[in-house]
Amino acid sequence: MNKYTERLYNGLVKENPTFVLMLGMCPTLAVTTSAINGIGMGLSTTVVLVLSNMLISMLRKIIPDSVRMPAFIVVVASFVTIVQFLMEGFVPSLYASLGIYIPLIVVNCIILGRAESYASKNPVLPSMFDGIGMGLGFTFGLTCIGIVRELLGSGKVFDIQVLPESYEPITIFILAPGAFFVLACLTALQNVMKKKALEKGDVKKAEKIGCGTNCAECGKKETCGNLK
Amino acid sequence: MNEKWNVSSSPHIRDKATTGNIMLLVVIALLPATFFGIYNFRSENAWLLVVVTTGTAVLTEYIYEKLMHKPVTIKDCSALVTGLLLALNLPPTLPLWMGALGSVFAILVVKQLFGGLGQNFMNPALAARCFLLISFTGKMTYFVYDGVTGPTPLADLKAGEAVDTMSMLIGNIRGTIGETSVLAIMAGAMFLILMGVIDLRIPGTYIVTFVIFITIFGGHGFDPQYITAHLCGGGLMLGAWFMATDYVTSPITKGGQILYGVCLGLLTGLFRLFGGSAEGVSYAIIISNLLVPLIEKVTLPKPFGKGGEK
């Protein structure tokens, strides 16, 4: 696996921002009332993430260490503003349903987190692929949650009636508590799948999908059960 | 001779009360309200909903504990109580599968996922009722009595209409299965008090606080008719005697129990008078359940010998 596909794999599976890193929980819980909202939010975050990773990686030798946070925020905020205007102009319905969560992409911790931990230390191309991987991982997570919530909460998926008309929608799933239920269940589900792979005793595979963090720098590697 | 020297760790004197015994007493105390509800809503086949909801609760507990290889605790009747309380809190016309879904939610999500009996952070039956109320608002607020659809007396009262207090006392009115008859509920509550399962502290402070709140903010002053209607309407009596007193989700300190009762009374009054819907007992109880750890913290008694002058 070369370093670009490794970055994509890392963002989509190993360090999936929604199910493993648990980052960006605010939009994850708030806008996933339908699958289309999940995709919209995920993709707009992806665009901002790729562009900001790219620019921050380019500027990484210019930005002084002591003011890096304000500098990152300025870069991210500029891209978010661009995306916001573009969405308002071209996809007004999605813009209306995402509402305040578009400007709030500025403070999405995935974006700042990737800028801080990856883009400010690595060359431009890997940083962009890191952004694509993370963004697609986020989109994947949000879409999964959105599909389940929309299916149970209104009997539809992508606005198409899937369940029979006689199905009585369980409205709580498109309200706030439902977001927590679905997120928790999906996270538990993927943990079960990871645990099964670990139990087969494949250390290399275990390292790949383990806890999603860098084991070389992990303080718990002596006691961690994943590597035994 | 050997038995005399039997060495064991404390406690050496045990009370006969076990979880199973207490839960069984609660079930017996709920029977008058249950049977009255089944009789009252016989044309809506309320018995079927009671059986399905209670059965699903017990079954869910059994299946979960079997799957998780845990000791099966259905014999302590706690799942039975949860299922029965949930059934008493549902309108008789609710589709059966919704009752079953509520039971699964109560046992699986609220009780078992948090560690089983004694670990649940709020009353499972009420949490499930609120889950159903949010999910199926229409079905959960659809009340029928004797084939006639309409609002509950409590909703009438909120709308400013006259209500018949006497029939609210006896229970031949619209409402959920178990909440309509104050007499049947009181009979069960008396039984629990006599058996020493509950005491007056929580229900007493709850009802007194609620009456004071209603008197001050109800807009009717001290009007016995209005206050009686509020006390007999809705789930106040069922909630105060059977659900607010749940051992797991109420404070254990004496001061805490009084504070908890005051919280319940204030919240119920607030929801009923100023809230959007006519009823607020369920929400008042589960919100107060969440406050219990804090209430216990501030009312922690001093151990003997601690504090004082230095």
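This is a predicted model: local features need pLDDT of at least 70, side-chain atom pairs count only at pLDDT 80 or more; totals for chains, interfaces and linings use all residues.
1. **Where the two chains meet.** On the chain A side 5 residues take part, and they are in contact with 4 residues of chain B. Sorted by class, the chain A side of this contact has 3 nonpolar residues, 1 polar residue and 1 charged residue.

2. **Chain A in outline.** Have a look at chain A as a whole. Its secondary structure consists of 9 helices and 2 strands. Reading from the N terminus, the order of elements is α-α-α-α-α-α-α-β-β-α-α. Chain A has 228 residues, and 39% of them count as buried. If you take the contacts in chain A between residues at least 6 apart in sequence, 73% of them join residues at least 24 apart.

3. **Two helices of chain A.** A pair of packed helices is described by the angle between their axes and by the distance between those axes. The crossing of H7(A) past H8(A) is right-handed. To find the contact on your screen, pick out Cys144(A), Ile145(A), Val148(A), Arg149(A) and Gly153(A) in H7(A), which meet Gly178(A), Ala179(A), Val182(A), Leu183(A) and Leu186(A) in H8(A). By class, the residues of this contact are 7 nonpolar, 2 polar and 1 charged.

4. **H1 and H3 of chain B.** Now move to chain B, where H1(B) (residues 19-40) packs with H3(B) (residues 78-88) at an angle of about 25 degrees, with 9 Å between the axes. Angles under 35 degrees count as roughly parallel, so that is how H1(B) runs relative to H3(B). Their crossing is left-handed. From H1(B), the residues in the contact include Met23(B), Val26(B), Val27(B) and Leu30(B); from H3(B), they include Leu80(B), Val81(B) and Leu84(B). The contact of H1(B) with H3(B) has 9 nonpolar residues, 4 polar ones and no charged ones.

5. **H3 and H4 of chain B.** H3(B) also packs with H4(B) (residues 96-112), at an angle of about 135 degrees and with the axes 10 Å apart. This angle makes H3(B) and H4(B) oblique to each other, and their crossing is right-handed. Here Ala79(B), Thr82(B), Gly83(B), Leu86(B) and Ala87(B) in H3(B) meet Gly99(B), Gly102(B), Ser103(B), Ala106(B) and Ile107(B) in H4(B). This contact has 5 nonpolar and 5 polar residues, and no charged residues.

6. **The largest nonpolar core.** Which residues touch the most other members of the largest nonpolar core? They are Ala106(B), Ala127(B) and Ala128(B), in a core of 127 residues. Setting aside neighbours within four places in sequence, Ala128(B) is in contact with Leu86(B), Gly102(B), Ser103(B), Phe105(B), Ala106(B) and Val110(B).

7. **Some backbone details worth checking.** The peptide bond from Ser10(B) to Pro11(B) is cis, with omega near 0 degrees; Pro11(B) sits in the segment before H1 of chain B. Asn45(B) is not a glycine, yet its phi is positive, at about 55 degrees. You will find Asn45(B) in the loop between H1 and H2 of chain B. His69(B) is another residue other than glycine with a positive phi, near 55 degrees, and its place is in the loop between H2 and H3 of chain B. Is Asn45(B) buried, partly exposed or exposed? Asn45(B) counts as partly exposed because it has 13 C-beta neighbours inside 10 Å. His69(B) has 6 such neighbours inside 10 Å, so it counts as exposed.

8. **A buried glycine.** Finally, find Gly265(B) in helix H13 (residues 254-274) of chain B. Gly265(B) is buried because 25 other C-beta atoms lie within 10 Å, and the cut-off for being buried is 20 or more. Apart from neighbours within four places in sequence, Gly265(B) is in contact with Thr205(B), Tyr206(B), Thr209(B), Phe210(B) and Phe213(B). Gly196(B) is 69 residues from Gly265(B) in sequence, and their C-alpha atoms are 23 Å apart in space.

How values were computed
Residues are numbered from 1 along each chain as its sequence is written. Chains are lettered from A and ligands numbered from 1 in the order in which they are written. Helices (H or I, at least four residues) and strands (E, at least two) are DSSP runs, numbered from the N terminus. A residue is buried if 20 or more other C-beta atoms lie within 10 Å of its own, exposed if 12 or fewer, and partly exposed in between; C-beta atoms are placed from the backbone. Two residues are in contact if their C-beta atoms, placed from the backbone, lie within 7 Å. Ala, Val, Leu, Ile, Met, Phe, Trp, Tyr, Cys and Pro count as nonpolar, Asp, Glu, Lys and Arg as charged, and the others, Gly among them, as polar. Axes are lines fitted to C-alpha atoms, for helices over the stretch in contact, and angles run from 0 to 180 degrees between N-to-C directions. Angles under 35 degrees count as roughly parallel, over 145 as roughly antiparallel, 65 to 115 as roughly perpendicular and the rest as oblique. A crossing is left-handed if the near helix is turned anticlockwise from the far one by less than a right angle, and right-handed if clockwise. A nonpolar core is a set of buried Ala, Val, Leu, Ile, Met, Phe, Trp, Tyr and Cys residues joined through C-beta atoms within 7 Å.
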